[in-house]
Amino acid sequence: MGILIEDKQIVVPGEEVAEGMDFLPAPGTFRDGDKIVACQLGLVNISGRLIKVIPLEGAYMPKRGDVVIGKINDLTYSNWFVDIGYAYEAALSMKEATTEFIERGAELTDYYTYDDVIVAKITNVTKSKSIDLSMIGPGLRKLQGGRLLEISAQKVPRVVGKQGSMISMIKEITNCQIIVGQNGRVWISGTEIWQERLASEAVLLIARKAHTHGLTDRVKAFLESGSKK
Amino acid sequence: MSYNKRNDGRAFDELRPMDAKVGIIKNALGSAMFRIGKTVALAAVYGPSELFPKFLQKKEEGLLRCTYNMMAFSGSGTRVKPGPSRRSREIELVTRNALESVLDLSECPRAVINVNIELIQTDAGTRCAGICAASMALADAGFKMKDLVAAVSAGLVGDKIVLDLDYSEESFEEGAVDIPMAFMPRTGKIALLQLDGEITKEQLREAIKLAKKGCKQICEVQRQALKEKYKTEE
């Protein structure tokens, strides 16, 4: 009875994490008889009676409320279609695209055109994964300049850090503007090229070492040694 | 003539030496290599991506699509021909069935997940090696699975029940029976069972028992390989 695998250990699908009815399965685990079994590759997280597995890899699964970075792929008479890194494109309707008044017959490419990179919010995801986006809200805009990185969506929480601690540290040391989309896309824009490069290398470092302890100190050391050069 | 000693000197219930590695293909969402003896399988997982033609799309869940290919230089015998064949279509089907029994794709409706299995070197037991590699690659890609799938073949060579036949045994002169089996070690369920040849009920039971034992050993190798990817980076 009890915990079979300790907190913060790596489990593979099908491994039994706990035994007995004292625990409850959370995302990443399921109950089978009196056992709690991991169904994803990841780190075990035991908080109170809840046992979950924090995945280390995985494709981006859109959720309502996510702020994502997307690229305009297509446009029709009333919609823009945006690639947000999922199998199917998300729709940005004219109503949600801007607060400006769009006249009948206006040239829609004046607002957003092919290959524009935007920060948008997911307003709705249906059961069959049709995705609606909105551009109305604080910080939602078209991005200009800078560079775009792509990391695994599961590593976004580590890049952001607790209450944004990690990302604000990178912003502070490198003096860059950084936007992290929940879909694993990171936009970095700085005044100096070397600062942009340092910030993007730091983000990639976090993505590589996302499963290790003491990441904040390591990234801090990396940034400080990099900014001295 | 009876088969008293195995051609490569193994015990009758012994697997060939195994080796597994995860994350070998950087562009794929998940990937794995599985080697058993001289058979080497590579598997890569891509997706979820848009699925065409549209009538194949499933509203409730994602579709799993497997491809299996023995590379033209991978081995000897008549089986190795470049390109798709009737045989590879069948193996793709049984591989998909075996993997679908553990995989949960309800998170990606309408989409397709592609699993590509390539055999770069073959010495019998390719469908089993392919399933082993594919199951690791799917776990590496972060998909939800009830269990890992391990697979191995057992069979009858001459008058002996043996585990993990190699090509010399599969083509044994006096006749051989090959039983590839995929197994879910935690639940103890069988995900694939095929049989080629003539065998009695008792012998089949014994062969399945032997294959189950082998699958448990393989699963241990798979688990270690999946964990290894994250250990070495410490």
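Visitor: What makes about 2,800 Å² the buried area between chain B and chain A?
Guide: Buried area is the accessible area (1.4 Å probe) that two parts lose on being put together, summed over both. In this predicted model, chain B and chain A bury about 2,800 Å², 56% of it on carbon and sulfur atoms. In chain B, Arg110(B), Arg186(B) and Tyr230(B) lose the most, together 25% of what that side buries.

Visitor: How many residues does the contact take from each chain?
Guide: Chain B gives 32 residues and chain A gives 30 residues. Contact means heavy atoms within 4.5 Å.

Visitor: Why is the meeting of Lys127(A) and Glu60(B) called a salt bridge?
Guide: The term requires a side-chain nitrogen of Lys or Arg within 4 Å of a carboxyl oxygen of Asp or Glu. Lys127(A) and Glu60(B) meet at 3.8 Å, N to O, so the pair qualifies. The count between chain B and chain A is four salt bridges.

Visitor: Which elements give two or more residues to the side of chain B that touches chain A?
Guide: They are β3 (39–49), α2 (126–140), β7 (144–145) and α4 (201–231) of chain B. α4(B) gives the most, with five residues. Helices (H or I, at least four residues) and strands (E, at least two) are DSSP runs, numbered from the N terminus.

Visitor: How do you know how confident the predictor is in chain B?
Guide: By pLDDT, the predictor's confidence in each residue, from 0 to 100. The mean for chain B is 92, and 97% of its residues reach 70 or more.

Visitor: What are the ground rules?
Guide: Residues are numbered from 1 along each chain as its sequence is written, and chains are lettered from A in the order in which they are written. Local features need pLDDT of at least 70, and side-chain atom pairs 80 or more, while totals for chains, interfaces and linings use all residues; side-chain values use heavy atoms, without hydrogens and water.
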